[in-house]
Amino acid sequence: MLRAGTGAALAGALAAGCARPNGSGASGLRADDGTGTPDPTHQGGDAGRGSDHGHAKSGHGHTKSGHGHGHAKSGHGSVPAPAPRRFPGHPAQIEHGPRDRPQVALTFHGQGDPAIATSLLAEAERAGARITVLAVGSWLDEHPALARRILDGGHDLGNHTQRHLTVSEMPEGEAYREITDCAQRLRRLTGSIGTWFRPSRTQYATPLVQRLARRAGYPHVLSYDVDSLDFTSPGATAVTHKVAGEIRNGSVVSLHFGYADTVAALPALLDDLHRRKLRAVTTTELLTP
């Protein structure tokens with residue numbers, strides 16, 4: 001699975017370190033009635049709360065993503081990214097996909113040094129893997145071009161709240177803004193609010209957060225059944241062993257951009273999946289019959 005130059009590329013990215021941007025901003029999204037249909041009479045989100053980051057436009061050409069679902073027109077005339085979709089037969093909070101197909105979804109918290117993120121994406125693509133990135137809105141404010149870089153690589157892109165705070169402990173209005181502020185950034189950059197929503201700092205969304213996600217346009221909340229624990233920096237070998245020991249058909253794995261152990265573990269993890277004939281696919285593909 002590994003190719004010449006991979007180690008050097010990853011080592012160069014690791015040397016750059018991990019940034020931790022933060023910020024917030026206004027949301028222009030409309031709420032809906034809980035069915036995924038926007039309610040034009042209600043405006044979602046309030047004015048920004050002290051964002052330190054300008055909203056730079058991405059300068060990259062907007063090519064079509066590999067997934068052809070729900071393409072609403074983008075406000076700036078480019079081909080928009082896939083919209084969220086409902087998967088009949090699956091619960092509102094999805095932990096894993098079908099257990100009868102040899103496919104898994106590697107899902108990544110999208111934040112951290114862009115050089116590390118780019119190297120991780122490139123390594124996945126070299127191995128023929130497709131991943132799901134749940135992006136933090138403040139990270140997109142700092143690195144807007146990465147939204148299209150993720151999509152153009154054939155990966156899923158979703159919403160992981162605006163500031164990556166403990167959304168389940170917030171008052172309803174603030175929690176809703178965390179979801180819609182990030183969704184607004186995704187829509188501005190890609191023409192879509194992203195295919196998935198995952199709450200920040202928790203494995204499972206509370207009933208309130210699930211309801212707010214539906215109101216913002218996400219029919220499902222994406223959880224996971226395998227936690228890599230890479231954010232504890234246990235070492236690359238420990239990350240690989242943790243995931244390899246628990247992953248099985250249909251698993252959704254929680255991983256992170258921005259951690260050296262994750263980048264270092266990925267080649268061995270992808271090799272392990274290849275040996276076991278498990279395909280790493282986007283979450284959309286995992287759940288599509």
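Is F197 buried or exposed? F197 is buried, with a relative accessible area of 0%; buried means under 20% and exposed over 50%, with partly exposed in between, using a 1.4 Å probe and protein chains only.

This is a predicted model, in which local features need pLDDT of at least 70, side-chain atom pairs count only at pLDDT 80 or more, and totals for chains, interfaces and linings use all residues. Residues are numbered from 1 along each chain as its sequence is written, and side-chain values use heavy atoms, leaving out hydrogens and water.

**Overall make-up**
- The protein has 9 helices and 10 strands, taken as DSSP runs (H or I, at least four residues; E, at least two) numbered from the N terminus.
- Of the 289 residues, 54% are buried.

**Aromatic pairs**
- The whole structure holds 4 aromatic pairs, meaning Phe, Tyr or Trp rings (for Trp the six-membered one) with centres within 6.5 Å; planes under 30 degrees apart are stacked, over 60 edge-to-face, and the rest tilted.
- F87 and W196 are stacked, at 5.6 Å centre to centre and 10 degrees between the planes.
- F87 lies in the loop between strand 2 (38–43) and strand 3 (93–94) and W196 in the loop between helix 5 (172–190) and helix 6 (207–216), so their pair ties together parts 109 residues apart in sequence.
- F87 is buried at 3% relative accessibility, and W196 is buried at 2%.
- F197 and Y218 form a tilted pair, 5.9 Å centre to centre with 40 degrees between the planes.
- Y218, in the loop between helix 6 and strand 7 (221–222), is 21 residues from F197.
- Ring pairs also link F108, W139 and F257 into a cluster.
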